[in-house]
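I opened this entry to note what I looked up, beginning with the ligands and going on to the domains and the helix pairs.

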Amino acid sequence: MTAKRRLLLGCIADDFTGATDLANNLVRAGMSTVQTIGVPSVDLASDDQEGPDAIVVALKSRTISPQDAVAQSLAALKWLKSQGAEQIYFKYCSTFDSTAEGNIGPVTQALMAALQSRFTVACPAFPEALRTVFKGHLFVGDQLLSDSGMRNHPLTPMLDANLVSVLQKQTTLKVGLLSYDVVARGAEAVRERFAQLQADGVEVAVLDAISNADLLTLGQALAGMPLVTAGSGIAIGLPQNWRANGALGPAAAADKLPLAKGFKAIISGSCSLATNAQVTHFQQLGCASFRVDALALARGEDLVAHALAWAKPLLTVENPAPLLIYATAEPAAVKDVQAQLGVEKAGSLVEAALASIAKGLLALGVRQLVVAGGETSGAVVQALGVTQLAIGPQIAPGVPWTFASNGAQQPLHLALKSGNFGGVDFFTQAFAVLHD
Ligand SMILES: Nc1ncnc2c1ncn2[C@@H]1O[C@H](COP(=O)(O)OP(=O)(O)O)[C@@H](O)[C@H]1O
Ligand SMILES: O=C(O)[C@@H](O)C(=O)COP(=O)(O)O
């Protein structure tokens, strides 16, 4: 019998699109990776007798109360530790999405306490997706975070690009900065600065990084650190540490997913700039789309039934084109809805409707589903009863196809797209990648 492989990395992701983003980066950096939906109640069921190198537990904890986010994250930590995880990775958004109370600070603090760790790092940089950190300030493309579309996010508007100050407001831990001049001097210099920062009482160091080379330098310096907190970018720098000590073999390939069958659909609840452009582009191509109006939902209109009645005649073998059901709207329209319904109610009403529509689409034979939006993906995947995802080919940086490998009633290919990821033609490109 083959000896069980070590579980090198245990990850806790604060949303579902973020979890597939991280799993995708780990797979592409050569670690076999499984994504679970929520904290499993049993040991990992794996087709691979040896078990994966990394597990990513996907939570929907980004916008819930800090107390609930801490409790769920600690439960994930306990389970990952019970599976033997050697290093823990807390994954949040590359745009550092937070509410006024957290949850990046409170969760980091709780995980550090549970791991009896006195020092960790915070680094949302993901240069491949144009997120860079310089002098502690987060840039999205050429813009400061606070000037980017993230200033209008429906649930987590980001109005300050200075990550040291954003994080310091969320935690009693002392937050400091490890700036680019140190990163440029290499991993040894980074480790020395970690020691200096700790001597100065810093407990969380925000890390500058503007390129993949920086992520590799930082990754090397993070070897053996009990807890890493980051976006998905740093993940590309960690496998080299286990490869260097022989715990990880040569690069593993992404899972070969089963052949995709069934009808194709897209559900979009993201109101991010990129998603708005993707919806418009899809419509301009002449593809079929149905709008879910949040105010009509609030008036009690049964848009779930209407959407499914609209979709049913379109889902035929003669018509292989994907169809789109969306609540996606421009910032002014979202603000109007929120002013009338309240932020939380607007979000949960739309999420619940889109999740019910997803269930209905599956019943109509959809087996290839793209979901746009992190919270939206969380609601949909939970409603579908998916418990585990295998990671397949990448569609765009941060977005792979996945296969719902158990729990779902029917075989299902899922792509969970982060709001701001993907090119303008993502909704059609995604299906082309699956059938390449
Ligand atoms: N038209 C709308 N009005 C108000 N809120 C909306 C509308 N459409 C979607 N939402 C809500 O906005 C939130 C978008 O968040 P999310 O799905 O995480 O997208 P992203 O990945 O872009 O952050 C969800 O809670 C969703 O239900
Ligand atoms: O790190 C990222 O940008 C993504 O993985 C992510 O977490 C995005 O979240 P949503 O935009 O809410 O999908």
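Predicted model: local features only at pLDDT ≥ 70, side-chain atom pairs only at ≥ 80, totals over all residues.

**Ligand 2**

Residues are numbered from 1 along each chain as its sequence is written, and chains are lettered from A and ligands numbered from 1 in the order in which they are written.

I counted a residue as near a molecule or strand if its C-beta atom, placed from the backbone, lies within 6 Å of it. On that basis 16 residues surround ligand 2, and the closest are Gly 18, Asp 21, Gly 374, Ser 418 and Gly 419. Helix α1 provides the largest share of this shell, three residues; helices (H or I, at least four residues) and strands (E, at least two) are DSSP runs, numbered from the N terminus. By class, the shell around ligand 2 holds two nonpolar, 12 polar and two charged residues, where Ala, Val, Leu, Ile, Met, Phe, Trp, Tyr, Cys and Pro count as nonpolar, Asp, Glu, Lys and Arg as charged, and the others, Gly among them, as polar.

**Ligand 1**

I then turned to ligand 1, which 25 residues surround, the closest being Ser 270, Gly 347, Val 350, Gly 373 and Gly 419. The elements that give two or more residues to this shell are α12 (331–341), α13 (343–363) and α14 (374–384), and α13 gives the most, with four residues. I noted 10 nonpolar, 13 polar and two charged residues in the shell around ligand 1.

I looked up the distance between the centres of domain 1 and domain 2, taken over C-alpha atoms, and it is 27 Å. Their contact takes 26 residues from domain 1 and 30 residues from domain 2, with two residues in contact if their C-beta atoms, placed from the backbone, lie within 7 Å. On the side of domain 1 that touches domain 2, α1 (16–28) and β2 (33–37) each supply at least two residues, and α1 gives the most, with nine residues. That side of domain 1 has nine nonpolar, 11 polar and six charged residues.

**Helix pairs**

I took α1 and α14 next, and they pack at an angle of about 95°, with their axes 6 Å apart; axes are lines fitted to C-alpha atoms, for helices over the stretch in contact, and angles run from 0 to 180 degrees between N-to-C directions. That angle makes α1 roughly perpendicular to α14, given that angles under 35 degrees count as roughly parallel, over 145 as roughly antiparallel, 65 to 115 as roughly perpendicular and the rest as oblique. Phe 16, Thr 17 and Gly 18 of α1 meet Gly 374, Ser 377, Gly 378 and Val 381 of α14, and this contact comprises two nonpolar, five polar and no charged residues.

For α2 (residues 66–82) and α3 (residues 104–115) I found an angle of about 40° and axes 9 Å apart, which makes α2 oblique to α3. The residues in this contact include Ala 69, Val 70 and Leu 74 of α2 and Val 107, Ala 110 and Leu 111 of α3. By class, the contact of α2 with α3 has 10 nonpolar, one polar and no charged residues.

For α6 (residues 187–199) and α7 (residues 212–221) the angle is about 55° and the axes are 8 Å apart, so α6 is oblique to α7. Ala 187, Val 190 and Arg 191 of α6 make the contact with Thr 217, Leu 218, Gln 220 and Ala 221 of α7.

Conventions. Domains from an automatic or database assignment.
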